[in-house]
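Please look at the structure before reading the points below.

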Amino acid sequence: MSSVNGDLIRDLQARGLIAQMTGDNTLEAFLNEGSRTLYCGFDPTADSLHIGSLVPLLTLQRFQRAGHAPIALVGGATGLIGDPSFKAQERKLNTPDIVANWVEKIRAQVSRFIDFDCEGNPARVVNNLDWTAGLSVLDFLRDVGKHFSVNNMINKESVKQRIEREGEGISFTEFTYMLLQSFDFAELYQNYGCTLQIGGSDQWGNIVGGVDLTRKLHGGHVFGLTLPLVTKADGTKFGKTESGTIWLDPAKTSPYAFYQFWLGTADADVYKFLRYFTFLPVADIDEIEEADRAAQGRPQAQGVLAREVTRMLHGEDGLAAAERITAAMFSGSLKNLTEADLEQLALDGLPCSTLDEAQLADTPLTTLLTECGMAKAGREVKDALGRNAVLINEVAKGAEDNMKAAQCFAPEQALFGRFFVVKLGKKKNHLFVRA
RNA sequence: GCAGGGGUUCCCGAGUGGCCAAAGGGAUCAGACUGUAAAUCUGACGCGCAAGCUUCGGUGGUUCGAAUCCACCCCCCUGCACCA
């Protein structure tokens, strides 16, 4: 089994995807010797993963493409405890049935990124609850806990702020998280010959714990590799927008919203993100960057990024839907849309509502546009109205129209007798359909 | 349990009897400029179209008037003690 691609580590390095490695650079040689088994854990802290998990998921895939066998671990056990790493506050515990429900959703999500039928190095999904649920406290304390030094643990950077910071503390429960995760690695080593754990750079402490424990428990020499935390040049948090977190679940973040998120990437970040989030060869990305630099005006990189990532997560159909809406909303005029086009937009994921004509007379636009989710408060709509930033079928509405919803949405103004495309500001679009 | 320090609008953080819907910063929204970018500038930023309504851990009280004073309670943090 030596059909591995020896350029993997170098490619990861070129993409800036390696934050830290254990083993003084012996990992590369270790990987080149043959197909290895590696794992990455995903804790169920919500009913879906978000784009923060995309880098590790894609990295698992990169390893598989290079001939190694990935294991995606879903943290049915660790999710019950809560990882304190670099968290400012203790987390509230979720009930076991909620976590169990999330586990199943996340299991399905991670499964889409790895190939279970891959000849020679098939992927697997495991749940750490399977080997911890039946473990007795005494056994755990004796067999695992004994190998950990509290002196060592409290010096970990990942829990330092919780221990030192005034006004916060850390419970024994969260403090123990590292032992559980370390035990996972030792178990996977024992049962699947897993010799590498990858994770975000915030996982370094936990990963090293697992490397040590595996050696102490089984005498195994295993490795750890961490991926960089995704940051933005302007310092704001990656993965959040006005409407909240960008989820991987299309029911929570539509392919259109997902596509738009990537399209809005700042120039200062976009080439880095191309390296992180796509499988495009680094050389190709460099070419795009050079071409953009040479050209005046709008770069092509954001478009490439949005297409690549959306296609990867939501498939050709999801991408096509996202592009259809984008084309309709951001270029050309609405006049070019056919009735079938408008019907398709709603199916494609353009936010859509039904108009209740009976209530239009005494419903202010502020209420109408807030309730449909375009704005968080009437104030935003009012502000937009005051600046002529609300367009209904391309007609600007002003503050004086606020109480004239019935006129704004008059049947004779509708496209094909029933559609209204409302724009609030430059980027928010919503389709209203007469009942 | 004792002592000390805290709980303010999304976050940080001012405010210690009226001028407070509550400084300042961040985040966020809209406008201008642009490239659905960044930077910059402008406006908004508890809720409400409005009249107005509801906030400063909770409940009562003092007062013409309280985020600010008093009482009790809840929660968090830091020490100490108890359990040994």
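In this predicted model, domain 2 and domain 3 bury about 880 Å² between them, 63% of it on carbon and sulfur atoms. Buried area is the accessible area (1.4 Å probe) that two parts lose on being put together, summed over both.

**Domains**
- An automatic or database domain assignment divides chain A into domain 1 (8–227), domain 2 (240–331) and domain 3 (342–434).
- The C-alpha centres of domain 2 and domain 3 lie 28 Å apart.

**Where domain 2 meets domain 3**
- Nine residues of domain 2 are in contact (heavy atoms within 4.5 Å) with twelve residues of domain 3.
- The rule finds one salt bridge across this interface, a salt bridge being a side-chain nitrogen of Lys or Arg within 4 Å of a carboxyl oxygen of Asp or Glu.
- Aspartate 348 forms a salt bridge with arginine 324, and their closest N and O atoms are 2.6 Å apart.
- Helix H16 (residues 301–330) gives the largest share of the side of domain 2 that touches domain 3, six residues; helices are DSSP runs (H or I, at least four residues) and strands likewise (E, at least two), numbered from the N terminus.

**The sheet**
- Six strands form an open sheet with mixed pairing, in the order E1-E6-E5-E2-E3-E4; two strands pair if DSSP finds at least two bridges between them.
- Strand E1 (20–21) and strand E4 (124–127) stand at the edges with a single partner strand each, so one side of each has no neighbour in the sheet.
- Strand E3 (residues 69–74) pairs with E4 in the parallel sense over four bridges, and alanine 72 stands opposite valine 125 in E4.

**Conventions**
- Residues are numbered from 1 along each chain as its sequence is written, and chains are lettered from A and ligands numbered from 1 in the order in which they are written.
- Local features need pLDDT of at least 70, side-chain atom pairs count only at pLDDT 80 or more, and totals for chains, interfaces and linings use all residues, while side-chain values use heavy atoms, leaving out hydrogens and water.
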